[in-house]
Amino acid sequence: MLWWEASLLLVAFALAALVVIYSFRAGISPMPSGLHVKAAILSLLPPETTGTIVDLGSGWGTLVFPIALRCRRAKVLGYEMSPVPWAFSLCRKLVGTHQNLQLKRNDFFDISLHEATTVVCYLYTDAMTRLACKLQEELRPGARVMSHTFAIPGWFPIRVIQLHDLFRTPIYIYEIPLSLPTKDTFEAESPNLNSQLSIVSDPFPTPRRPQ
Ligand SMILES: C[S@@+](CC[C@H](N)C(=O)[O-])C[C@H]1O[C@@H](n2cnc3c(N)ncnc32)[C@H](O)[C@@H]1O
């Protein structure tokens, strides 16, 4: 084996090890959102969207880059703690034209989310439980949260979209009202929970074969 082949292998091994170490620290790997999910989330963000759109755990940039391109009038912020996917997305930004996109290497639990008008995330149950309090304290009325795959425990979505992809991925959409309903207040106000939950079809359904 040549010296440069050995060096390359060593670098690849070190990068892979860093990804694994940070996956344990973060509680989730930098697994990117799938194509169907990405398309559905983009369709939920009209090009004229303004304000600040934040991706909590932006990974390799799978969501933040297309969002920044689509919503040119919005400021798009991606927070990622894992150095390898963050550095990758930073390099990607250097060769692109995403002036409205900022990629920050932070633990998103350490930063304030008060300026966010839309939050997108693809995380895991424990993070969603911790986030529930943070979002409730820091987001302003009218702000939206779109989380796919994992719901925010104790919150009631204004809409749930079930995709027709392999995993039938749900996208939960929440909006911060003046006072956030909890399960108790919500049930007291509305005995029929299901009537408040609109399950709509995938905006990009997989074409079905004729019978
Ligand atoms: C499943 S990936 C999703 C990546 C991207 N948002 C997407 O949808 O393609 C979740 C990412 O969140 C990051 N993450 C988890 N907890 C974090 C935290 N507290 N602060 C910053 N990043 C975090 C992980 O490192 C991982 O890259």
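Lys93 is placed in helix α4, where helices (H or I, at least four residues) and strands (E, at least two) are DSSP runs numbered from the N terminus. The structure is a predicted model, in which local features need pLDDT of at least 70 and side-chain atom pairs count only at pLDDT 80 or more, while totals for chains, interfaces and linings use all residues. Residues are numbered from 1 along each chain as its sequence is written. Lys93 counts as partly exposed because it has 19 C-beta neighbours inside 10 Å; a residue is buried if 20 or more other C-beta atoms lie within 10 Å of its own, exposed if 12 or fewer, and partly exposed in between, with C-beta atoms placed from the backbone. When residues up to four places away in sequence are not counted, Lys93 touches His98, Leu101 and Leu103, two residues being in contact if their C-beta atoms, placed from the backbone, lie within 7 Å. Lys93 and Gly61 are separated by 32 residues in sequence, and their C-alpha atoms are 9.1 Å apart in space.

Helix α4, which covers residues 83-94, also holds Pro83. Pro83 has 15 C-beta neighbours inside 10 Å and therefore counts as partly exposed. Apart from residues up to four places away in sequence, Pro83 touches Leu18, Tyr22 and Arg105. For the pair Pro83 and Leu18, the separation is 65 residues in sequence and 7.7 Å in space, taken from C-alpha to C-alpha.

Helix α1 spans residues 3-26 and has 24 residues; from its first C-alpha to its last it reaches 34 Å, close to the 34 Å expected at 1.5 Å a residue, the expected span being 1.5 Å times one less than the number of residues. Of the 24 residues of α1, the number buried is 0, so the helix lies largely in the open. The helix is followed by Gly27, whose phi is positive, near 90°.

Of the 211 residues of the protein chain, 30% count as buried. Among contacts between residues at least 6 apart in sequence, 67% join residues at least 24 apart.

The interior is described next. In soluble globular proteins, nonpolar side chains tend to be buried together. Ile67 touches Leu42, Leu45, Ile53 and Val76, if residues up to four places away in sequence are left out. Arg70 belongs to helix α3, and it counts as partly exposed because 17 C-beta neighbours lie inside 10 Å. Beyond its neighbours within four places in sequence, Arg70 is in contact with Leu42, Leu45 and Pro47. Between Arg70 and Ser43 there are 27 residues of separation in sequence and 9.7 Å in space, C-alpha to C-alpha.

The ligand is surrounded by 25 residues, the closest of which are Pro30, Ser33, Gly57, Gly59 and Thr62; a residue is near a molecule or strand if its C-beta atom, placed from the backbone, lies within 6 Å of it. This shell divides into 15 nonpolar, 7 polar and 3 charged residues, where Ala, Val, Leu, Ile, Met, Phe, Trp, Tyr, Cys and Pro count as nonpolar, Asp, Glu, Lys and Arg as charged, and the others, Gly among them, as polar.

Most residues other than glycine have a negative phi. Thr149, however, has a positive phi near 75°; Thr149 lies in the loop between β5 (144-148) and β6 (159-162) and is partly exposed, with 18 other C-beta atoms within 10 Å. Arg168, also not a glycine, has a positive phi of about 50°. Arg168 is found in the loop between β6 and β7 (170-175) and counts as exposed, because it has 9 C-beta neighbours inside 10 Å.

Confidence in the model is given by pLDDT, the predictor's confidence in each residue, from 0 to 100. The protein chain averages a pLDDT of 88, and 84% of the residues score at least 70. Over residues 189-211, however, the pLDDT is below 50, and this stretch has 21 contacts in the model beyond near neighbours in sequence.
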